Each structure stands twice: as structure tokens, then as C-alpha cells.
Amino acid sequence: MTAATHSTLVPQVPDSADAVLDGLDPEQRAVATALHGPVCVLAGAGTGKTRAITHRIAYGVRAGILQPTSVLAVTFTNRAAGEMRGRLRQLGAGGVQARTFHSAALRQLQYFWPKAVGGELPRLLERKVQLVAEAAARCRVRLDRNELRDVTSEIEWAKVTQTVPADYPAVVAKTRRDAPRDPAETSQIYATYEQLKRDRSVIDFEDVLLLTVAILQDRHDIAEHVRSQYQHFVVDEYQDVSPLQQRLLDLWLGERDSLCVVGDASQTIYSFTGATPDHLLNFRTRHPDATMVKLVRDYRSTPQVVHLANGLLSQARGRAAEHRLELVSQRDRGPEPGYLEYPDEPAEAEGTARRIRDLIAAGVPAGEIAVLYRVNSQSEVYEQALADAGVPYQLRGAERFFERAEVREAGVALRGAARAGGNDSLLDDAQGLPSQVRAVLSTKGWTTEPPTGSGAVRDRWESLAALVRLAEDFEQAKPGATLSDLVAELDERAAAQHAPTVQGVTLASLHSAKGLEWDAVFLVGLTEGMMPIAYAKTDEQIEEERRLLYVGVTRARFHLSLSWSLSRSPGGRGGRRPTRFLSGLRPGSAAVGARGTGGAFNAGAGGVGGGGPERTAAGIRRKRRGPVRCRVCGQTLTDAGEMKLMRCEDCPSDMDEALHERLREWRAGQAKLLGQPAYCVFTDKTLMAIAEAVPGSEGELAGIAGVGSRKLTRFGADVLTICAGEEVGGDADGV
């Protein structure tokens, strides 16, 4: 995965301003040398926009045209800001402020609050959900967890669009917003929430922008102070600015026009948060003399991936579509995208896991593979399938690496060990930096083997393992480095939010994948109702869903797989249809507006994993499964974990506890012999299912979910021996 995590530990700083421009293509160079007046960069996916704007800043600084402290570069995520700071540092342009809108505003608010208002700045509310829940209770409205999240999102949208509680219902009606609840009720909760904040002297993240705007509007002396500090502004991802963020930017600028904006209207996917591409699309109108540069050379993706991405946008409609960029791949040819149809969701997940395992076996690192889906609830079946296939994975969340509790605790422990030096008994037997780090982190939960399954324990282990790998990389780059040197490196990375890479296949929603890229991407669950999502009703909402799929496609460098299933569970009706966005693009499908050709099609050659895409259920080379029913109550099962157990989670278990314990001991021994995590042998749910079923033959064992032909061949004889109450002899087969 490419993000703020990949960089050289000992970078070479260019020796002159002109050297900063080395390696830029003509359009990137045009961006880098356009240092005066308003500049608008329309940059397609994979075209090197971050490279262009960081080299622009660095060139200006190194040439003496821009003072580092006079430049404010603004982006939308802390990760992106950290990456920008890291790149600027490598280019010899340290001292430039690269921040998110909220971070920059909060810093100014903390500095000017005593002068503008007096006293200390009210406490910042880290999470508003609890206070929104209290506001709802005071309004005698009961909200479950999902409803509470929806109301909280509505309040955030209202604030970034500068809508006060009393105006919320009218604005919802005027904008035809698909509100999740009665607008009058939400307005009441919103008003109560604001009153609770005032009563308790707290502010939320949206208030940070609102209050900064208010101070800069009301106090011209403070506005001039800020403008004297910052004379030059760069805004990345400009298509995602909200009206409130644009207002703040206008106040920072004043009457000046030293502004460079970078964006792509075809990647506008956050309108539900109040973001709008209008400011990007209207930039030339507001600034008639602006320098306009288009970046269309795609250095990320193969011609096959780019062809599909361009095809998706060629069918788009609306104002953003009128400004679409036609990408031109700069890479060698690669495999054609694979289009895969499955009978049901578990089959889709299992097929995806098999192809991922094949890619890893072919040499693609697990960290360079991603499974992307529309909503987070789709992840569970893929977590299970990857665990069954013995493939390590990570769920991508929003929490920053160095802010995770386990990483902070590890940092404290490493810092203490570095200070103690040879007096720390933990380090007595540790030779070399990586060994010392392993010894220290073993007290915080790191082990040589990862814990089984998923969840918080596994997430904690992955974070600590990332620190161990960073220590190994650091010693390789700087032989003889000490624990103190590593602690200093961690502090520097934390300041820049430059996190180490957590290894494993990434599972992420399409929205959270924005700004990242992988060698291989699997886009899953691409059915009508999911893509576009069922609640996308208006033309604008449908087009945003198309752009979301475009973002997913353009995350892939080389391998790309697109798949869907005909039903949710085995034996289902099979009435689902693949997304309309692929009509006319996937082999065998009719163009938009033409009659479809049905579900069966030849997906063509060169699918992900080699050997071409899988023949599908409609095609058909595989036996359709019947419905999976609970063996206790007879109810149809849809949850992947319950299907593995062959019973409802709540139904009574008839598991042989002694057999289960013997199976667990055997699994631990096999995992140790193979040098793999225990779940790679069998997951906990599969082991439990075996202990409940007590199979007496290979056929009965093969009928248990999670026991595929590969595991049956490798482990079947041992399992059947244990189930028969006999002792197992011999070692595990080689991998």
C-alpha cells in the first residue's frame, strides 16, 4: 500500500533549486514553476499531483522566491499532511506548514482566543456522540447506535454548510437532501446539543472552523496578523472543500491571489459531508487570469486499468463529468481486469481469498493487495474467508498510527529502555536493535506468533509488529543504530504522522481507500443496490456512486478484479444484477440503455491471479449450493460464522469439550511446525464445528465449512484420528 508510510530512511536532498525540478514531466514542471498569481491544477488519479505541488513549494523555497514560514499547505487528512511534510523535508524545504483545515484553524484559535475573547479556549470535544445522545434524551427521542450516528452526521453536515438549527428543516427541503430522520426532530436535537455545549464550555471540531471564521471576520487586526504570517497558500483535494472551509480560505487570503489549488472533480465522493466541487469548477470564473494546468499522465496504473477508468467516466453525466480528465497510462501493458460472478456472497469471498493467496504465492506482497467494498458491514465475510485461507489481513480505520493506545504505550516503554541502557534487565540477552525492540515490546503484547482471529487483540499485535519491522528496517539503513536513535526516529515520524507499514491484505471501504494505491485491488459486492447504494435516488447521488467506483478502480496499479454475487446466501433466489456502471464495459454486457444479455458471459482472459477469470454460476462449472440451515432449529443461516458452525449462535451447542481441547492442542503444534499462525490451520469457528460434528469419515469432515480440499488433504487424517479418540503420530506436511 502506498501512503505516508513508504519513504527512504536516509533521503538524498537535492543540491540546488534546479535539481528539485529533475525528474518532473512537462506538466508537473509547469506546476512547479508557476509561483505567482492564482494557479489551478486539474490532476487525474495517479498523475503525481502531490509530487507536483510539493516540488512547487520546494522549488520556490530553494530558489528564494518563497519563505518557508510564509507558506501554508492545506489538505484534508492528517495522513496526507504528514506525507506532504515528509516530502518537503526530503526536498530541503523544512519549515513549511502542511496541515489540515482543522489543524491550522485550531492552532490559530488557540493563539488568538485570549486576545479576541479572553480566558482559555473551551475544551475541545473529542467525540460528540455522547453529547448528541444526551441531547436526544432531553428531547425525549430514543436513538439506537445507528440512528445516533446518522443524527450526529446530520449535525456535522449542517455546521459545515453553515446552517443553524432553526434553518435546518428549510435547507433540507430546499436542497432536496435525503435526511435520515424527520428534519424538525433533528433540528430540535441539534439545538439542544448546541445548548449543552454552551452550558459545559466545550466546542466540537466544526466549531473550530466556525469560531476561527468569526474571529477573522470580526477582528481585522487579527486577520491582518494571520495574513502577514502566511502569504502563499496551497490547497490539495480542492474538490472536497465545504462552504465553511472555503470561507476560511477566503479570510486567510484577503485581497491577495497567491493561491494554488489542486483537485479532480471526478473524485468528488464526500458530498454527504458538505463537500462540493463547485469551488474547483468555478475557479476560473473567480480568477480569470489563473494559470491552468492539467495532469493526465497516469504513472500508477496499467493501460488496461486506465482504459476501464476512462470508460466509467465516459458514461458520466452532470457538471463534474463535463470537466473529466482523459487519463493516459505511462506504464507497460498488464493483465486485463477480471470480471467474476459468483452464486452467493460466501462463494465470492472464498473465491477472492483463493485469488489473493495465489497472488501472494506468485510474489505479490500481502501489503500490496486490497479488498474494497461499499460499506463496512461487508467486511466480515471477507475477514472469515481470508482467515480460512491463511492470509494475513488488516482492517483500515481512521485512527492515526501514532495515536493508537498500544503505539503510545510502546513508545513510552522504548523510551524508558533507551534511558536505562545497559541497566534494563529486559535487554540482558538482546543482541542488536531489533532484538532489543522485540524484548521491550514483548511486555506490551507482542509475540512471535500473531493471535488467532480478528478484533482488537489482533489489531494491537499488528501495530506492535509494525514497530518491530520498522526497527529491522532502521538498523539495515543505519548499521549500529541504538535504541535511542530509534526513539528519535519514532518521535520524528510521529510529528510528521509518518507511520510504518502494517503488513497484510487491506480490507477497506471505498471511501477510506481514497488517496491510497495497491499492486492488486479486488472490488467486491458490485451489485445493484450496493453500487449504486440503494438510497442513492437523485441523478447527483447516482453520479457520485459512479465516481466512487472510479476511485476504487484507480487504486489498482497492475491487477484488478471486479466481482459480484447473485444472492446473499447459499441457495438464495439469485435475483441480483451486476452494477449498471459496468454495462458496456465488462465483456458480454450491453451498453447503457441497451437490453442486457443476462447473467452469463465469458469474462475474457487475464484475470487476477492468472489463468483468466473464473467461470461463473450462470456459466456454469460449479454445483449450486443449497441453503445452509441450523442443525438445531432448522432456520436458514446467513451469517458466515453461524454457517461455519452449522447452527445459530444462540442455539445450544453439543460440543465435546475434551475433543475441542485436544483439537486446539493439535492445532497449536501444527502451527508451530509450519511456522504459521494457528488460524492458518483452522479458525476457531471451524475447530468448534469439528468438535460439535465429530466427523467419522473424510466425506463428513469435508462437509464442514472451512475444511476445503487443501486442508482436507493436509490435515484430514490427523483430525479424523483425534475425533476417533486415538493419538496422532508424525509431523505436518511441508507448505
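**Figure 1. Aromatic pairs in the predicted model.** The structure, a predicted model, holds 10 aromatic pairs, a pair being rings of Phe, Tyr and Trp (its six-membered ring) whose centres lie within 6.5 Å. A pair of aromatic rings is described by the distance of the centres and the angle of the planes. One of the pairs joins phenylalanine 233 and tryptophan 252, which are stacked at 6.1 Å centre to centre with 5° between the planes; planes under 30 degrees apart count as stacked, over 60 as edge-to-face and the rest as tilted. Because phenylalanine 233 belongs to strand 6 and tryptophan 252 to helix 12 (residues 243–253), the pair ties together parts that are 19 residues apart in sequence. Helices (H or I, at least four residues) and strands (E, at least two) are DSSP runs, numbered from the N terminus.

Residues are numbered from 1 along each chain as its sequence is written. In this predicted model, local features need pLDDT of at least 70 and side-chain atom pairs count only at pLDDT 80 or more, while totals for chains, interfaces and linings use all residues; side-chain values use heavy atoms, with hydrogens and water left out.

Figure 2. In the order 3-2-6-7-1-8, 6 strands form an open sheet with parallel pairing; two strands pair if DSSP finds at least two bridges between them. Strand 3 (97–100) and strand 8 (291–295) are the edge strands, each pairing on one side only. On average, neighbouring strands of this sheet are turned by 15° against each other, direction ignored. Strand 2 (residues 71–75) pairs with strand 6 (residues 232–235) in the parallel sense over 4 bridges, and alanine 73 has valine 234 of strand 6 as its bridge partner. Helix 2 (residues 26–33) packs on the sheet and touches strand 1 (39–43) and strand 8, contact meaning heavy atoms within 4.5 Å. The direction of helix 2 makes about 145° with that of strand 8; axes are lines fitted to C-alpha atoms, for helices over the stretch in contact, and angles run from 0 to 180 degrees between N-to-C directions.

Figure 3. Strand 15 (residues 518–523) and strand 16 (residues 556–565) run parallel and are joined by 5 bridges; leucine 523 has leucine 562 of strand 16 as its bridge partner.

**Figure 4. Contact of helix 15 with helix 23.** The axes of helix 15 and helix 23 (residues 539–553) come within 10 Å and cross at roughly 175°. Helix 15 is therefore roughly antiparallel to helix 23; angles under 35 degrees count as roughly parallel, over 145 as roughly antiparallel, 65 to 115 as roughly perpendicular and the rest as oblique. Helix 15 contributes Val305, Leu308, Ala309, Leu312 and Leu313 to the contact, and helix 23 contributes Arg546, Leu549, Tyr550 and Val553.
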